[in-house]
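The following briefing concerns the sequence and structure shown below.

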Amino acid sequence: MQVNRGLFKLDLVDHHAILGVPLDADAKQVRKRYLKIARKLHPDSLRSATEDQKQQASELLSKLVNPAYEVLSQEKA
């Protein structure tokens, strides 16, 4: 589903929301939350999931979670 109205027209990504950390989170909190999410979305953790679910989790991890962690970890360093 693609939304092309309002703020969705802009190329904004809320990295804090993706990782679920407050705006004033320090580097330790960001890393802890990232590892928790990455562990849940990693294909080895999804043994009982279907191939489609594994693919979707892998895409979420690589396209949203990893970039959010990279940006926030650089900002907090």
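R33 counts as partly exposed because its relative accessibility is 31%, where partly exposed lies between buried (under 20% relative accessible area) and exposed (over 50%), with a 1.4 Å probe and protein chains only. This is a predicted model, in which local features need pLDDT of at least 70 and side-chain atom pairs count only at pLDDT 80 or more, while totals for chains, interfaces and linings use all residues. Residues are numbered from 1 along each chain as its sequence is written, and side-chain values use heavy atoms, with hydrogens and water left out.

- Helix α2, residues 27-41, contains R33; helices are DSSP runs of H or I with at least four residues, strands are runs of E with at least two, and numbering starts from the N terminus.

**Nonpolar core**
- The largest nonpolar core comprises 16 residues, the members of such a core being buried nonpolar residues joined through side-chain atoms within 4.5 Å.
- L19, V21, V30, Y34, L41 and V65 have the most contacts inside this core.
- Both α2 and α3 (51-76) supply at least two residues of this core, and α3 gives the largest share, six residues.

**Overall chain**
- The protein chain has three helices and zero strands, in the pattern α-α-α along the sequence.
- Of the 77 residues in the protein chain, 25% are buried.
- The C-alpha trace spans about 35 × 35 × 15 Å along its principal axes.
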